[in-house]
Amino acid sequence: EEEAATSRGAHEALRMFKSPKFCIIGEPSSWDAVTLGYKGRLLLDYELEIPMKHTAAQGKLVCEETIDFWNQIKAWCHPLNEGKGRFETIDCTIRSFNSENNGIHERAKVKLGFRLPVHFPLKEFKIFLAEAAGAAQLNFSGEEVAVRMGKSNPLVKSFLQSIRANQGSPKFKVKTGTSDMNVVAPQWNCPLLAYGPGDSSLDHTPHEYIEIEEYGKSIDVLESVLRTI
């Protein structure tokens, strides 16, 4: 359930394995690269219900109130993001936006997603959101801290050697998404990285695919790694 944002399998692995020697997360990085970091995540369900009013009356409609909340979030994040690289910024997205009325009240429901950088002030951010939301109801979920692993360990060195042995030029990557690495890395004090064939920029798109040649190369790399660590 990694894709469902619950990471049920990773949490079960935490219960089953208390102190593994190494951990390899299966995620696309391309066959000649390893991923050492992922942004954190926070999901927010926002629901606001207010009495209905005529569209010609004074005051804001429920959708306008909700848009104001979104604009406050963007304004709060702007100074934190200014002049920083993609892995160091907080990314905000509107995942869904629905409104309805029953003739007496009007209601807006919004699901927001936030990708969080390392050392992000999450407690401060939640306080801000609660204050900015006013009378709206908030529900937080999917919370994961950002992680960035080190390069100087036997697992990374083994991957670099294996990629070179297969005529590749190894690369390091950090990603703006979230994976099971965010779940297990804070608990397991062991060398840890993500690896796998494929182009992660195509994840969750209609154009996602994998090349058989790259798939074969990644198998060779993994086999070599598992024989040497």
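A: Begin with contact, which means heavy atoms within 4.5 Å. Helices are DSSP runs of H or I with at least four residues, numbered from the N terminus. The model is predicted, so to speak of local features requires pLDDT of at least 70 and side-chain atom pairs count only at pLDDT 80 or more, whereas totals for chains, interfaces and linings use all residues. Residues are numbered from 1 along each chain as its sequence is written, and side-chain values use heavy atoms, with hydrogens and water left out.

Q: Which residues in α2 meet α3?

A: From helix α2 (residues 62-81), Phe69, Gln72, Ile73, Trp76 and Cys77 meet Glu124, Phe125, Phe128, Leu129, Ala132 and Ala133 in α3. By class, this contact of α2 with α3 has nine nonpolar, one polar and one charged residues. Ala, Val, Leu, Ile, Met, Phe, Trp, Tyr, Cys and Pro count as nonpolar, Asp, Glu, Lys and Arg as charged, and the others, Gly among them, as polar.

Q: At what angle do the axes of α2 and α3 cross?

A: Axes are lines fitted to C-alpha atoms over the stretch in contact, and angles between N-to-C directions run from 0 to 180 degrees. The axes of α2 and helix α3 (residues 122-133) cross at roughly 150° and come within 10 Å. That makes α2 roughly antiparallel to α3, a label for angles over 145 degrees; under 35 is roughly parallel, 65 to 115 roughly perpendicular and the rest oblique.

Q: How do α4 and α6 pack?

A: Helix α4 (residues 154-165) and helix α6 (residues 212-228) pack at about 135°, their axes 9 Å apart. That makes α4 oblique to α6. Leu155, Ser158, Phe159, Ser162 and Ile163 in α4 meet Val221, Leu222, Ser224, Val225 and Thr228 in α6. The classes in the contact of α4 with α6 are six nonpolar, four polar and no charged residues.

Notes. Helices (H or I, at least four residues) and strands (E, at least two) are DSSP runs, numbered from the N terminus.
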